[in-house]
Amino acid sequence: FFFGDKMAAPVEPTTTTSAGSSETTAPALPAKPQANTPSGVQEALLDVKTRIAAAVTKAAAPREPRLVAVSKLHTAALVKAAYDAGHRCFGENYVQELVDKSQDLPEDIQWHFIGHLQSNKAKVLVEGCRGLAAVETVDSEKLANKLNAAVLSLKREPLRVYVQVNTSGEDSKSGLEPGQEAALADYIVKNCEGLRFGGLMTIGMPDYTSKPENFICLQECRRRTAEALGMPEEEIELSMGMSGDFEAAIAMGSNNVRVGSTIFGARPKKAGA
């Protein structure tokens, strides 16, 4: 405010002590947006992108990896908040949830399916998901054939697929054993004209992190696959790295990171669980 032609000096906030004297206190900082809110999602998304850029610089990576924002069990409103902040690539684990969200949200979203996919749900996924860009969890010829048939029946552009490898050897994880990935990739390339082999994918440990040997294993799988297909390794993407380890994955050559809770907050429980 002004007195005459001169602007008054800002008034420092003060508090009164029990002795009656006054002391200056720092102005309160604005509250940080809560997780699981639109503003919280937007702030967290920006932070993750900043961390990715820093990891790319530190690793001297040739290009920034794709960020798949995993919105599993979160509301369409939170996805829309990330969309409004400029993000376009999202991932889901459940077929019906993905189909429903794809119909409710903008059609230019690129959806990645990253959960275990039963072959009898392949047609539902391909026909029902608007903007389906990739299926990252192909682990059998049967599933590849079902996806291929669904794509060809729709006469849509080829669907990018990743072969999933179980690099940790856990029974609870889907995916092929290391050493089997090249044969399935070769089958897809030679027999599935509706699919485009995009790369290899792995899921981390039970705490959703991966040990370095898991990443090294997937790199070795890529080397074998490139040799079998007669193509450069750099044309085969590695989808590895999640909320707990995406920076380490980038340091080891990940082209596609899947980050969920770090962006959207704690995941709600699935209905009926």
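Student: How are α5 and α6 oriented to each other, roughly parallel or roughly antiparallel?
Tutor: Roughly parallel. In this predicted model, the axes of α5 (residues 141-154) and α6 (residues 181-191) cross at roughly 25 degrees and come within 10 Å. Angles under 35 degrees count as roughly parallel, over 145 as roughly antiparallel, 65 to 115 as roughly perpendicular, and the rest as oblique. Axes are lines fitted to C-alpha atoms, for helices over the stretch in contact, with angles from 0 to 180 degrees between N-to-C directions. Helices are DSSP runs (H or I, at least four residues), numbered from the N terminus.

Student: Which residues make the contact?
Tutor: E141, A144, N145 and N148 of α5, with L184, Y187, I188 and N191 of α6. Contact means heavy atoms within 4.5 Å.

Student: OK, other pair. What angle do α1 and α2 pack at?
Tutor: About 45 degrees, with the axes of α1 (residues 38-59) and α2 (residues 76-84) 8 Å apart. That makes α1 oblique to α2. P38, V41, Q42 and L45 of α1 meet L78, A81, A82 and D84 of α2.

Student: Where does pLDDT stay under 50?
Tutor: Over residues 1-24, for which the model has 18 contacts beyond four places in sequence. pLDDT is the predictor's confidence in each residue, from 0 to 100. Where pLDDT is low, the predicted coordinates should not be read in detail.

Student: And what does the chain average?
Tutor: A pLDDT of 88, and 84% of the residues score at least 70.

Student: What are the ground rules?
Tutor: Residues are numbered from 1 along each chain as its sequence is written, and side-chain values use heavy atoms, leaving out hydrogens and water. Local features need pLDDT of at least 70, side-chain atom pairs count only at pLDDT 80 or more, and totals for chains, interfaces and linings use all residues.

Key. Helices (H or I, at least four residues) and strands (E, at least two) are DSSP runs, numbered from the N terminus.
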